[in-house]
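Subject: Structure handover

Hello,

Here is the structure we talked about. Please open it alongside the notes below.

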Amino acid sequence: MKTRALGSQGLQVSAEGLGCMGMSEFYGATDEAEAIATIHEALDLGVTLLDTSDVYGPFTNERLVGRAIAERRDEVVLATKFGNVRREDGSWVGRDGRPEYVHAACDASLERLGVDHIDIYYQHRVDKNVPIEETVGAMAELVAAGKVRFLGLSEASPETIRRAHAVHPISALQTEYSLWSRDPEERLLPAVRELGIGFVPYSPLGRGFLTGRYSNVGDVGGEGDFRSNHPRFTHENFAHNHRIVERIEALAAELGVTPGQLALAWVLHQGDDIVPIPGTKRRTYLRENVAAEELELSAEDLERLDEAAPRGFTAGDRYADMSSIDA
């Protein structure tokens, strides 16, 4: 797989990463053996960027990723996050960006992952009760201590990003971006490009919706799958949003690829500073996603996709509660 630069500090990663969240939580039943096999195959296929967080599980996803990479640490650009606080029983506490918490969270993640450093350390969500300068100042101390190599933010506004970047270089911004979540094009992408910050889209397949696997509301969700209550999958929004999928399916059939591959290739074609992290917990979907990196789209293909899923078309919020987004 080709590599791309994230940020201006020398970080190089595979053109696609692997989101590991669903291997432990949020998307229904999990299978640890298959998850570890998926991580190993991703590394075999040239994927170097693995993305996790302390909040996934909670805590169990970091341990899983740590076990999976124990013998292959030098092949991995390891990204994890802090700032969303949960208890061991899974209950949510809130957000915490206090410097003392930053240090404690990093030490705990290093122990769970079984590594001596984290390659990209993200603030998962902005704590609006703590000045971003204090949080990033503590993150910079982790870099100075050798515990972290590069810094990132997730779901931060352009204003917050600028303030953070003035304290210590930010190498990556992570936020949702896909053919059904195009809001970053308006303010976020111009801001990070001006500052030389890489862009890491999560959910580039629209939480699986853009793959065409769901033809009606009844296909979505189930026990342990948060999409059961996701605004964009609800009855009133599903049919409207499915029009995007139908248009993607039609063009994908012409090109001889799957809808998911086409949707992912579209993200990859939005710039060489963009590194999507499609999540999967199965090797079959991993192979499909990796193959999208080789798909070349013409200007006409991109124009047709732009018309199929124009910015603002999607119905429903990205989360049931958008209050955690630093918009």
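Start with H2, which is mostly covered: seven of its ten residues are buried. Bear in mind that this is a predicted model. The buried residues of H2 are Asn61, Glu62, Leu64, Val65, Gly66, Ala68 and Ile69. They pack against H1, E4, strand E5 (77-82) and H3.

H2 against H3

Two packed helices are described by the angle between their axes and the distance between the axes. Here, the axes of H2 (residues 60-69) and H3 (residues 99-113) come within 7 Å. They cross at roughly 45 degrees. That angle makes H2 oblique to H3. On the H2 side, the contact is made by Glu62, Arg63, Val65 and Gly66. H3 supplies Ser109, Arg112 and Leu113. By type, the contact residues of H2 and H3 divide into three charged, two polar and two nonpolar.

H1

The other helix to look at is H1, residues 32-44. Its 13 residues should span 18 Å, at 1.5 Å a residue. The end C-alpha atoms of H1 are 18 Å apart, so the span agrees. Buried in H1 are Glu34, Ala35, Ile36, Ala37, Thr38, Ile39, Glu41, Ala42 and Leu43. Their cover includes H2, strand E3 (18-19), strand E4 (49-51) and helix H9 (283-291).

Cores

In soluble globular proteins, nonpolar side chains tend to be buried together. The largest nonpolar core in this model has 77 residues. Leu18, Ile39, Leu173, Leu210 and Leu262 have the most contacts inside it.

Backbone points to check

Most residues other than glycine have a negative phi, and most peptide bonds are trans. What kind of peptide bond joins glycine 57 and proline 58? It is cis, with omega about -5 degrees. Proline 58 is found in the loop between E4 and H2.

Two residues have a positive phi without being glycine:

- Phenylalanine 26 has a phi near 80 degrees. Its place is in the loop between E3 and H1. Its relative accessible area is 17%, so phenylalanine 26 is buried.
- Arginine 207 has a phi of about 55 degrees. Its place is in the loop between strand E11 (198-202) and helix H7 (235-255). Arginine 207 has a relative accessible area of 7%, so this residue is buried too.

One more loop residue

Is serine 157 buried or exposed? Its relative accessibility is 4%, so serine 157 counts as buried. It sits in the loop between strand E9 (148-154) and helix H5 (158-167). Beyond its neighbours within four places in sequence, serine 157 is in contact with Leu188, Asp326 and Ala327.

Best wishes

Methods
Residues numbered from 1 in each chain as written. Predicted model: local features only at pLDDT ≥ 70, side-chain atom pairs only at ≥ 80, totals over all residues. Heavy atoms only, no water. Axes fitted to C-alpha atoms, helices over the stretch in contact; angles between N-to-C directions. Helix = DSSP H or I, 4+ residues; strand = E, 2+ residues; numbered from the N terminus. Parallel < 35°, antiparallel > 145°, perpendicular 65-115°, else oblique. Contact = heavy atoms within 4.5 Å. Nonpolar A, V, L, I, M, F, W, Y, C, P; charged D, E, K, R; others polar. Buried < 20%, exposed > 50% of the residue type's maximum accessible area, 1.4 Å probe, protein only. Core = buried A, V, L, I, M, F, W, Y, C linked by side-chain atoms within 4.5 Å. Expected span 1.5 Å × (residues − 1).
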